[in-house]
Amino acid sequence: MIPRRRPLQRALKLLATLAILSTAAIPLTAQATQAASPDPVKDLGAPLSSLTVMEGAFGHEPDGRDVVYAVPAGENAALNVVDLHSRELLRAIPLPGAAGAWAITVATDGSVYVGSYTNAHLYRYRPDTHTVTDLGQPIRGETSIYGLTSGRDGAVYAGTFPNAHAFKYDPVANKVTDYGSLDPVQQYVRATVYDPDHNALYAGLMTPVARLIRIDLNTGAKQDVTPPGLVAKDFQDLDYADGRVFGNASNHLMVLDATTQQQITYTDAATGTPVNDYPIGARGVSNAGPGGVYFTNNMALIRYDTATDTVGRVPSGVQLARGAAIGYGWYTENGRPMLYGLGGNYSGGTWRYDPQTGVLDQWTSPFQYVGAPLMHTIADPVTGKIHVNAFLNGSTTSYDPKTGRATLTARQGQVEGWNWDSTKNLYVGVYPYGQLSIWNPNAPESPANPRVLFQLVDSDLQNRPVAVVPKGDRVYLGTTPGYGEYGGALTVYTISTGHLSVFRNVVHDETIASVLPVGSQVWAGSSIDSGQGTDPRTTEAHLVKVDPTSGAVSVDVVPVPGAASITELSIGPDGNIWGLADGTVFVANPTTGEVIRRIPVFNGKTGSADGALSWRDGYLYAVTGSRLFVVDSLSGTTTVIRDRGLYRLTQAPTGIYYMLLRPDGYTNQTNLASYTPPADPCPHSDLRPTVWTGNIDSHVVNRNLRYGCTLIDELPNAEADWPSHKAYVTAVGSKTSQLVQAGSITYAEGYDILAAANRSAVGR
């Protein structure tokens with residue numbers, strides 16, 4: 001036994017001489033190493049410009065020019081004025097604070113009004129002075145204005161979200177009249193139209209069911225005139241012509257007699273049968289012209305003949321090339337009325353139709369492309385490029401960090417969640433269809449790439465796949481329900497067979513916001529969010545364990561009481577579940593769901609899509625609540641790297657993190673940003689919770705002594721080929737002495753580590 005004790009005794013003597021220097025350990029953690037730079041996040045600029053136009057209006061400038069007005073969506077959006085004949089952009093006038101516009105109309109005095117989001121301001125453009133006046137927020141507390149319509153004496157009317165108001169703006173008196181909230185549950189007045197024959201306003205409500213409200217503007221009386229038996233979730237648009245109210249009710253044409261308030265049954269010209277609805281894929285119908293009113297469906301031009309109440313394709317059977325109609329205008333040319341239209345939403349497609357000859361002309365109007373609000377980003381493990389997707393517009397670009405250039409790729413639609421499988425295909429969850437597609441970004445684009453696998457919006461009322469997790473032969477989806485709906489779903493798609501299982505209300509009335517397959521079971525984190533246009537019915541997010549074959553829930557826990565959303569789940573280096581619940585990181589047992597610890601980062605609620613986690617050698621990087629922060633998984637210490645403006649998180653093969661950035665003063669994330677973590681001097685760290693010397697546990701708490709290097713990393717490698725046990729113990733004694741002297745560990749900890757090394761089998 002004496003030979004075994006001698007190396008320990010020598011080392012203990014050395015430690016004893018350092019005992020006077022022993023202090024409590026002061027580890028050099030990420031907190032100390034991250035604090036130097038005032039802004040460690042690098043702004044890479046806007047990677048994607050786009051043209052997203054929700055609605056257009058046609059009018060005249062004082063110099064006689066016929067023009068089309070539109071507002072391309074983007075940061076501090078601008079009103080574009082384009083000459084219809086010279087086809088040039090005359091001017092683009094900024095609308096400070098507006099991110100875009102769902103509402104635009106030309107008033108009877110020639111003024112152009114724009115209703116914006118997300119600030120819900122009303123802007124007035126005067127063509128005679130080429131100036132815009134910001135009239136402010138007509139109804140305080142609203143975020144969007146919808147359905148602007150022109151009334152008498154230059155007045156305009158519109159609706160709002162999220163409190164379903166209807167209002168009038170009178171430019172003569174500079175006065176807003178608020179008709180109040182039209183529904184205690186529904187949040188959208190999505191469309192309005194003025195009836196000049198009866199001085200009435202019609203307001204179309206949206207989600208969970210379509211409602212049509214008539215307001216008598218002489219008396220202020222409100223009347224529900226929704227046709228009995230109407231099956232629709234929303235009125236997307238309303239128009240008035242020839243004594244009729246035309247409504248786009250969930251993409252079906254509804255026609256109402258404005259005198260009797262009765263629904264009109266009209267004739268389908270193709271079949272000769274009477275119908276109460278007809279498919280419409282357009283922002284409403286045109287004003288009345290020769291032959292009636294016009295609209296589009298499936299890119300075909302359709303006419304509703306108001307003289308005979310008959311609807312069908314125009315006689316010439318013309319087909320549009322780009323986009324459903326989002327605006328119309330009649331102009332007289334050479335004595336004949338011509339119908340102009342704007343196609344949406346992404347190309348500026350413009351057309352002119354001659355009802356007399358049936359001739360259709362089409363061209364591109366030069367609206368101003370702008371930096372697009374961004375929706376999602378993901379690093380390509382093959383090329384290292386960063387794929388970035390645009391909000392609403394749905395365009396996708398690939399940013400090459402080597403060149404700093406971005407290149408447009410296959411258009412996906414608005415991406416809510418995406419993830420790679422083991423074969424380097426990308427599974428993409430797309431709104432508003434509740435759609436899953438498969439895409440290989442490194443193969444040529446074709447009709448089969450990307451390829452739609454399924455959609456859930458009609459079959460299961462799910463529209464946002466916020467969590468997409470491929471694993472093995474399955475893809476797991478967590479989704480939010482559609483507009484006005486409650487109860488998200490966990491969906492299991494089997495790749496080899498195409499079999500689909502949709503389990504709704506796994507957590508009752510809540511969205512499934514995060515998914516983590518573990519063994520034969522699936523863990524899912526929920527959010528109190530439900531479909532857009534709803535208020536939560538629940539108060540806190542749940543972590544549930546689900547059987548993916550039956551949907552049965554075997555474990556249901558609330559890991560962070562009061563948290564609204566569990567937005568990300570991951571398996572940590574300790575084998576436990578690590579999750580993000582609002583501003584708290586929690587750790588849970590992967591079998592029972594029992595919460596092991598909670599690590600608070602900040603207070604505040606987050607939405608169902610607001611969270612991302614990424615592991616890097618024992619450090620957990622995260623973005624949520626606009627913050628980028630890092631958690632030392634051993635100590636639980638947290639460091640907020642940047643406290644504002646960030647969304648999403650992805651790590652490139654280089655180790656650099658990429659995020660979406662909302663620059664200071666902006667309302668949207670329009671830029672790509674990067675963060676380079678500190679160099680890791682000890683890759684593949686030993687992250688066991690206590691310090692082991694070979695086969696012996698010292699019971700000393702393991703931790704990071706400096707960024708990337710744990711206490712075990714700093715000790716002599718027990719796996720090395722030691723010439724003798726004495727050599728190993730002596731090396732451990734020397735290193736622990738240095739660590740005690742440096743104040744990194746205490747004398748007692750050094751003693752316990754050295755004693756464990758002496759008992760180990762290393763070098764024997």
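1. Thr670 sits in the loop that links E57 to strand E58 (671–675); strands here are DSSP runs of at least two residues, numbered from the N terminus. The model is predicted, so local features need pLDDT of at least 70 and side-chain atom pairs count only at pLDDT 80 or more, while totals for chains, interfaces and linings use all residues. Residues are numbered from 1 along each chain as its sequence is written, and side-chain values use heavy atoms, leaving out hydrogens and water.

2. Thr670 counts as buried because its relative accessibility is 4% (buried: under 20% relative accessible area, 1.4 Å probe, protein chains only). Its side chain makes a polar contact of 2.9 Å with that of Asn671 (N or O atoms within 3.5 Å, one able to donate a hydrogen and the other to accept it; residues adjacent in sequence count only if both atoms are side-chain atoms).

3. E58 belongs to an open, antiparallel sheet of four strands, ordered E1-E58-E57-E56 (strands pair if DSSP finds at least two bridges between them). Strand E1 (42–43) and strand E56 (646–651) are the edges; each has a single partner strand, so one side of each lacks a neighbour in the sheet. E56 and E57 (657–661) are joined by four bridges, and Tyr647 is opposite Leu660.

4. The largest nonpolar core has 28 residues, and Phe246, Trp351 and Tyr353 are among those with the most contacts inside it (a core is a set of buried Ala, Val, Leu, Ile, Met, Phe, Trp, Tyr and Cys residues joined through side-chain atoms within 4.5 Å). E25 gives the most to this core, four residues.

Note on methods. Buried < 20%, exposed > 50% of the residue type's maximum accessible area, 1.4 Å probe, protein only.
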